[in-house]
Amino acid sequence: MQKGATASDREAQTALPARTVVGWQGVRFTLPPEWNVTAFSLDRDNGYVRVDSPGSGAMSVQVRWTDASKEVKGPPTPYYLLAPYFRRLLKRPPPPVTKTDLRQSLEKILKDAAKDAKKSHAVFDSQMKSEKTEGENGERSSISFTWTGAGRGQGKIWRCDTCNRVVVSQVIGLSKDHNAIGNVASQLFATFQDHTIDGYDLWALYDLQAAVPSTFRLTAHKLMSGHLQLVFMRGAERIIIDRWGLANVTLKKFKLDEWFLTNSAIKSANMVRTSTTAFGGHEFISFEGALPVSGRMAAVRDAKGSMRGLPTRYSGGVWHCAETNKLFSIQVFHSRKTEKLIENILERCKCH
Amino acid sequence: MPLNPAVKLKAQVFASRYMPFLKIRPPEMDRSGALTLRPGRNALLTWETKEEGKTMLTVPLDMNKGGKLTRLLAKWMRAPSERYVELDEVGGFVWELCDGNHTVETIVQKTGKEYKMNRREAEVSVTMFLQMLHEKNYIGFYKKVRKS
């Protein structure tokens, strides 16, 4: 609270939620309350997430990962383009991928930090610990590091043998925030997961927590104040997850089912309200129906001509979470083989 | 001898406002500074709250604007002397708090608490809304200055 605050300023102090769970492209971690995702990449193989602290955002968590199992892409020569096809044709195994040298990668990161320090005329100093093995089954080889220069950073770089990811995560803040950085870093590293166990990736940001099969890829997103939408695709199958704020204002004008039908991804007379089930103490109103031919054609077009998992059915539903004053909806365009998809997603969702 | 920062700031504000030929930009305000400002309503505006939670602002129009012919035409055609702006429930809530006593920070916190919004979401939407009201001259921003 700033100096000179009035009684009304002090009154507005709100109770803080327990903690912030962040999930993006298969990585998940927990941070102190009110931290928010401020930057991310859509690429799953070489990804990036940045989460800022509340208030002035002086502290931030940066996570970068690369898929070490993928070959480093060279120039698009005929050899690079044709070699995988010939390998498959001749049933030859792919060439072994050399393991990433963690120390070398870390030195590169610290070199960049040193450059920044030089620009701001600060003295740069860094410390690297020796490589150690960690994880439940000893699947991680990691190196911890700290640096001071244009600020202060505490982080860790590791390679996970299970998911073949090389992850660099660090907490960056001002030089004076030494203790706070340490506390956040310990919470970050204690809760960090770089791969899923049950085949479902957690997508968690801005009060939304949903799990989607790892085989689906994020293809589109909308991040607006009051509306958050994530769209995932696998072949022509599609999952749309929405989170809308200010539910009490919306529900003064519309009934929940009316509102969902006007905002759903498909407007079809074939959509039938199937059931109303209890979900986490809320009423989940679901709709189902056969996709019209135009919907199927649109699905193939969106999948760039892919006929894999051609959706023939639509399942969707909506619920109102009074605790967080939000509306959540899940819509799935699926084939007959994946009838249970919406139920599986729903049972992994968390709204409050 | 280094100049006192407060004096330097005042000189910068004065030069940017009254000496445009010097091409000195007005000092930029950082985020934390902007959150301490207190929005206050334009005294010329009146408003009423409706039953559905909406707020109706009545904005008087300047009838002396334009040339003689424009004024004559406006009088002849009975052009309205005021304009009505309807704010939704959340807008009305923020409008009520724009009384010059609440800081932007407080309004953000109160709106977030009332509508159970994430802090960042509340801050983005409230500041955008206040900025829009300011651009239309419906509100002004005050800064509380301590007497030395």
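## Close-up views of a two-chain model

**View 1. Two domains make up chain A of this predicted model.** Chain A is divided into domain 1, covering residues 19-69 and 97-191, and domain 2, covering residues 202-347. Taken over C-alpha atoms, the centres of these two domains of chain A are separated by 33 Å. Where they meet, domain 1 of chain A gives 10 residues to the contact and domain 2 of chain A gives nine. On the domain 1 side, strand S1 (20-24) and S3 of chain A each supply at least two residues. S1(A) gives the most to that side, with four residues. By type, the residues on the domain 1 side of this contact in chain A divide into five nonpolar, three polar and two charged.

**View 2. Here we look at the largest nonpolar core.** This core has 53 residues, and those touching the most other members are A:Leu31, A:Val171, A:Val184, A:Val212 and A:Ile345. S10(A) brings the largest share, five residues. Both domains of chain A take part: domain 1 (19-69 + 97-191) and domain 2 (202-347) each give at least three residues to this core. Now zoom in on A:Val184. Which residues is A:Val184 in contact with, leaving aside its neighbours within four places in sequence? They are A:Leu31, A:Pro32, A:Met59, A:Val61 and A:Val171. There is also a second, separate core of 30 residues, which includes A:Val318 and A:Cys351 along with B:Leu130 and B:Ile139.

**View 3. Strand S8 of chain A has several antiparallel partners.** Strand S8 (residues 140-149) of chain A runs antiparallel to strand S6 (residues 125-128) of chain A, and four bridges join them. In this pair, A:Ser126 has A:Trp147 of S8(A) as its bridge partner. Strand S7 (residues 132-134) of chain A also pairs with S8(A) in the antiparallel sense, over three bridges. Look for A:Glu134, which stands opposite A:Arg140 in S8(A). S7(A) and S8(A) form a hairpin with five residues between them. In that turn, A:Gly135 has a positive phi of about 100 degrees. Next comes strand S9 (residues 151-160) of chain A, which pairs with S8(A) in the antiparallel sense over 10 bridges. A:Phe145 has A:Gly155 in S9(A) as its bridge partner. How many residues does the hairpin from S8(A) to S9(A) pass through? The hairpin joins the two strands through one residue.

View 4. A:Pro33 sits in the loop between strand S2 (27-31) and strand S3 (36-40) of chain A. Along the sequence A:Pro33 and A:Ile241 are 208 residues apart, while in space they are 23 Å apart, C-alpha to C-alpha. A:Lys176 and A:Gly317 lie 141 residues apart in sequence and 49 Å apart in space, C-alpha to C-alpha.

**View 5. Chain B has two domains and an open sheet.** Chain B is divided into domain 1 (1-29) and domain 2 (36-142). Their centres are 30 Å apart, taken over C-alpha atoms. The open sheet is formed by three strands of chain B in the order S2-S3-S4, with antiparallel pairing. Strand S2 (46-49) and strand S4 (82-87) of chain B are the edge strands, each pairing on one side only. On average, neighbouring strands of this sheet are turned by 20 degrees against each other, direction ignored. Six bridges join strand S3 (residues 55-60) of chain B to S4(B). Within this pair, B:Thr58 stands opposite B:Tyr84 in S4(B).

**View 6. Helix H5 of chain B is largely enclosed.** Why is helix H5 (residues 104-114) of chain B described as largely enclosed by the rest of the structure? Nine of its 11 residues are buried. Among them are B:Val104, B:Ile107, B:Lys110 and B:Gly112. Just after H5(B), look for B:Lys116, which takes a positive phi of about 50 degrees.

**View 7. Chain A meets chain B.** In this contact, 20 residues of chain A touch 23 residues of chain B. The chain A side divides into five nonpolar, 12 polar and three charged residues.

Methods
Residues are numbered from 1 along each chain as its sequence is written. Chains are lettered from A and ligands numbered from 1 in the order in which they are written. This is a predicted model: local features need pLDDT of at least 70, side-chain atom pairs count only at pLDDT 80 or more; totals for chains, interfaces and linings use all residues. A residue is buried if 20 or more other C-beta atoms lie within 10 Å of its own, exposed if 12 or fewer, and partly exposed in between; C-beta atoms are placed from the backbone. Two residues are in contact if their C-beta atoms, placed from the backbone, lie within 7 Å. Ala, Val, Leu, Ile, Met, Phe, Trp, Tyr, Cys and Pro count as nonpolar, Asp, Glu, Lys and Arg as charged, and the others, Gly among them, as polar. Domain bounds come from an automatic or database domain assignment. Two strands pair if DSSP finds at least two bridges between them. Axes are lines fitted to C-alpha atoms, for helices over the stretch in contact, and angles run from 0 to 180 degrees between N-to-C directions. A nonpolar core is a set of buried Ala, Val, Leu, Ile, Met, Phe, Trp, Tyr and Cys residues joined through C-beta atoms within 7 Å.
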